[in-house]
Amino acid sequence: MKTIKVSVVTPDGPVYESDVEMVSTKAQSGELGILPGHIPMVAPLQIGAVRLKNGGKTDFVAVSGGFLEVRPEQVTILAQSAEQADEIDVERAVRAKQRAEQRLNEQKRENIDFRRAELALQRAINRIEVSERKF
Amino acid sequence: MASLRDIKNRITSTKKTSQITKAMQMVSAAKMNKAEMNAKSFVPYMEKIQEVTASIALGSKDVSHPMLTSRPVKKTGYLVITSDRGLAGAYNSNVLRNVYQTIQKRHKSPDEYAIIAIGRVGRDFFRKRNMNVILDIVAVADQPAFAEIKDIASKTVGMFADETFDELYMYYSHYVSAIQQDVTEKKLLPLTDISSSKKLTSYEFEPSAEEILKVLLPQYAESLIYGALLDSKASEHAARMTAMQNATDNAKELINSLSLSYNRARQAAITQEITEIVGGAAALE
C-alpha cells in the first residue's frame with residue numbers, strides 16, 4: 001500500500017517521523033483523515049490524538065493544538081507540544097488534571113484563568129487518554 | 001616590600017580563584033554545546049512554520065489579520081533578553097546599552113514605551129532607572145523548554161493584540177560563533193517582513209485562511225520569541241566561556257609574576273642571612 005511521510009514537530013525538536021498509510025486527527029472543523037496523494041492543505045487542530053496507521057498497527061501522538069500541513073507526499077504537524085503515547089508522563093498528567101479541576105471549582109466563570117484552566121484540563125485528559133490508547 | 005608570607009598567601013588565593021574560573025569555563029563550554037544543539041533542533045520547526053506562514057500571508061492577497069498590518073504607533077514594546085547572572089563579560093551590558101540608547105533616542109516620556117524583560121540583569125537594570133517594565137520572567141533554565149517560555153510569549157503577543165503597544169522590537173545577542181555574538185534588533189510585530197526562500201505552495205484552507213491565520217500567527221510570533229531566547233542562551237554561555245577563559249589566563253599571569261617576586265624575596269632573605277653570619281664571624285676574629 002502507498003505510504004505518506006509524516007513528521008510531528010515541536011519547538012523542542014521532532015517528536016515523530018515515519019512513513020504511514022493513513023493519518024487521522026481532529027481538526028477544528030471536525031475529524032480529518034489523510035491518505036497519500038492528498039491535495040495541499042492547512043488546518044488548525046484541536047487538542048487531541050493523532051492516529052497514524054501503518055500495516056496492522058497504529059501509533060498515537062498526543063498534540064496540544066497547533067496545525068496540520070498536508071502535501072501530496074508529506075504531512076507535517078506543527079504543535080507547541082506533542083508526545084508519543086509511550087512517552088507520556090501519566091503521573092504528571094493526572095496531577096495536572098487534578099490541579100485544573102480544583103481551579104475550575106474555585107473560579108467563577110468568564111475570566112481568563114477559567115479559560116486557561118479549562119485548556120489545561122483538556123490537555124491533561126487528552127494525555128491520559130492517549131497514554132491508555134482509548135481511541 | 002611585601003613579606004614572604006603575604007606573597008605566598010596571594011599566590012594560593014589566586015590559584016584557587018583560577019581553579020574556579022577554569023571550572024566555570026568548562027561548565028559553560030558544555031552548556032554552550034548543549035544550547036547550540038537545542039537551537040539546531042528548533043530549526044526544523046521554525047523553517048516549517050515560516051514556510052507555511054509565508055505561503056498563506058503572501059500567497060493569498062485578500063487575507064488580513066491585525067498582526068500583519070501596521071497601525072499608528074502610540075506605544076512601542078521592547079522585549080529584552082538578558083541573563084540571570086553576571087560573570088559573562090560584556091554580554092549583558094552590550095544588549096542593555098543598545099536598548100537604553102535606542103529608547104533615549106526614540107522616546108521622550110516613559111508613556112511611549114513598555115519593556116518586557118527576560119532575565120534578572122535586564123529587569124533590575126530597567127527597574128533601577130524607573131523605566132516601564134510591564135512584564136518580566138527570571139530564572140529561565142539554561143536549556144529552556146518551550147513550555148517555560150510559553151506563558152510570557154503568549155502574554156506578549158496578547159498585549160499587541162489588545163493594543164497595549166502597537167509595535168514590538170526584540171533585543172538579544174545573536175550567536176555567530178563561540179567567539180562572536182552580535183546584539184540584534186528585530187522587529188517582531190506587526191509581522192511585515194515575512195519571507196521564505198522556498199517555493200510557495202498554494203494550499204486549501206480548512207475552514208478558511210482567516211481562521212488559520214488566527215491560530216498560526218500567534219504561534220509563529222511565539223516561536224520567534226523562543227528562537228531568540230535559544231539564540232541568546234547560546235550566546236550567553238559562549239560569552240561566559242570567553243570571559244572565564246580570560247580570567248583564567250589573567251590569573252596564570254598573575255601567579256607567574258607573583259612567584260617571581262616570591263623567589264626574589266626568598267633569595268634576598270637568604271643573602272641577608274649569609275651576610276649576617278659572615279659579619280658575625282668576622283666580628284669574632
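Where is the place of Glu163(B)? A few notes on this, and on other spots in chain B, follow.

1. Glu163(B) sits in the loop between H4 and S4 of chain B; helices (H or I, at least four residues) and strands (E, at least two) are DSSP runs, numbered from the N terminus. Its phi is near 65°, a positive value in a residue other than glycine. At 47% relative accessibility Glu163(B) counts as partly exposed, where buried means under 20% relative accessible area, exposed over 50%, and partly exposed in between (1.4 Å probe, protein chains only).

2. Before going on, the ground rules: this is a predicted model, where local features need pLDDT of at least 70, side-chain atom pairs count only at pLDDT 80 or more, and totals for chains, interfaces and linings use all residues. Residues are numbered from 1 along each chain as its sequence is written, chains are lettered from A and ligands numbered from 1 in the order in which they are written, and side-chain values use heavy atoms, with hydrogens and water left out.

3. Ala139(B) also deserves a look: phi is positive, about 60°, although Ala139(B) is not a glycine. You'll find Ala139(B) in the loop between strand S3 (133-137) and helix H4 (146-161) of chain B, exposed with a relative accessible area of 52%. For context, most residues other than glycine have a negative phi, and most peptide bonds are trans.

4. On that last topic, check the peptide bond from Leu189(B) to Pro190(B), which is cis with omega near -5°. Pro190(B) belongs to the loop between S5 and S6 of chain B.

5. Tyr203(B) is in the loop between S5 and strand S6 (204-205) of chain B and is buried, at 9% relative accessibility. Leaving aside neighbours within four places in sequence, Tyr203(B) is in contact (heavy atoms within 4.5 Å) with residues including Pro40(A), Met41(A), Arg71(A), Val52(B) and Ser55(B). Tyr203(B) and Ile56(B) are 147 residues apart in sequence but 7.7 Å apart in space, C-alpha to C-alpha.

6. Helix H2 (residues 91-106) of chain B buries Tyr91(B), Asn92(B), Val95(B), Leu96(B), Val99(B), Thr102(B) and Ile103(B). These cover an arc of only 135° around the axis, so they lie on the same side of H2(B); the arc is that of the directions from the helix axis to the C-beta atoms. An α-helix has 3.6 residues a turn, so residues three or four places apart point the same way. Among the elements that the buried residues of H2(B) pack against are strand S1 (76-81), helix H3 (120-128) and helix H5 (209-284) of chain B.
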